[in-house]
Amino acid sequence: METKLKKAHNLCLENRCGLKLTGVTEVDSFDEDTVTAYTDYGCLTVSGSKLHVEELNLDTGLLELTGEIAALVYSSKTEKNQGFLKRMFS
């Protein structure tokens, strides 16, 4: 039986205006209000305003954001496979 090792995941939030994430495996979507990123530990949704992706490097797993960060929400990674409407209304 083969066990998949999880990539290390950290986040550093500075004054709610700068966020640095490691261990990012994929970015599903981003706009000025929401960024959705995936890690081996689940889906992370960052909500706020004037969000801007400063750096994204999936080879190293680095994602850096700036803007006004209002919320960080983790959810199950399986939500990516659900339809858009189902995710919005669940």
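**Walking through the model**

Modeller: T39 is buried, its relative accessible area being 1%; buried means under 20%, exposed over 50% and partly exposed in between, with a 1.4 Å probe and protein chains only. This is a predicted model, in which local features need pLDDT of at least 70 and side-chain atom pairs count only at pLDDT 80 or more, while totals for chains, interfaces and linings use all residues. Residues are numbered from 1 along each chain as its sequence is written, and side-chain values use heavy atoms, with hydrogens and water left out.

Colleague: What does the side chain of T39 reach?

Modeller: It reaches the backbone nitrogen of Y41, at 3.0 Å. T39 itself belongs to strand β4. Strands (E, at least two residues) and helices (H or I, at least four) are DSSP runs, numbered from the N terminus.

Colleague: Which strand is joined to β4 by 5 bridges?

Modeller: That is β3, and β3 and β4 (residues 34-39) run antiparallel. Within this pairing, V27 has A37 of β4 as its bridge partner. Two strands count as paired if DSSP finds at least two bridges between them.

Colleague: And the sheet as a whole, in what order do the strands lie?

Modeller: The order is β1-β2-β6-β5-β4-β3, an open sheet of 6 strands with antiparallel pairing. β1 (10-14) and β3 (24-30) are the edge strands, each pairing on one side only. From one strand to the next, the twist averages 35°; axes are lines fitted to C-alpha atoms, and angles run from 0 to 180 degrees between N-to-C directions.

Colleague: Staying with β3, is F30 buried or exposed?

Modeller: F30, a residue of strand β3, is exposed, at a relative accessible area of 55%. Its C-alpha atom is separated by 8.4 Å from that of L51, 21 residues apart along the chain.

Colleague: Changing topic: which residues make the nonpolar surface patch?

Modeller: L11, L13, L72 and Y74 make it, with an area of about 310 Å². Patch residues have over 30% relative accessible area and no salt bridge, and nonpolar side chains are joined within 5 Å; a salt bridge would be a Lys or Arg side-chain nitrogen within 4 Å of an Asp or Glu carboxyl oxygen. β1 and β6 (62-75) each supply at least two of the patch residues. L13, in strand β1, is partly exposed at 36%.

Colleague: Finally, what pattern does the chain follow along the sequence?

Modeller: It reads β-β-β-β-β-β-α, and 27% of its 90 residues count as buried.

How values were computed. Polar contact = N/O pair within 3.5 Å; in protein donor to acceptor, adjacent residues only side chain to side chain. Patch = residues over 30% accessible without salt bridge, like charges linked within 9 Å, V, L, I, M, F, W, Y side chains within 5 Å. Areas by Shrake-Rupley, 256 points an atom, 1.4 Å probe, with all protein chains shown as cover.
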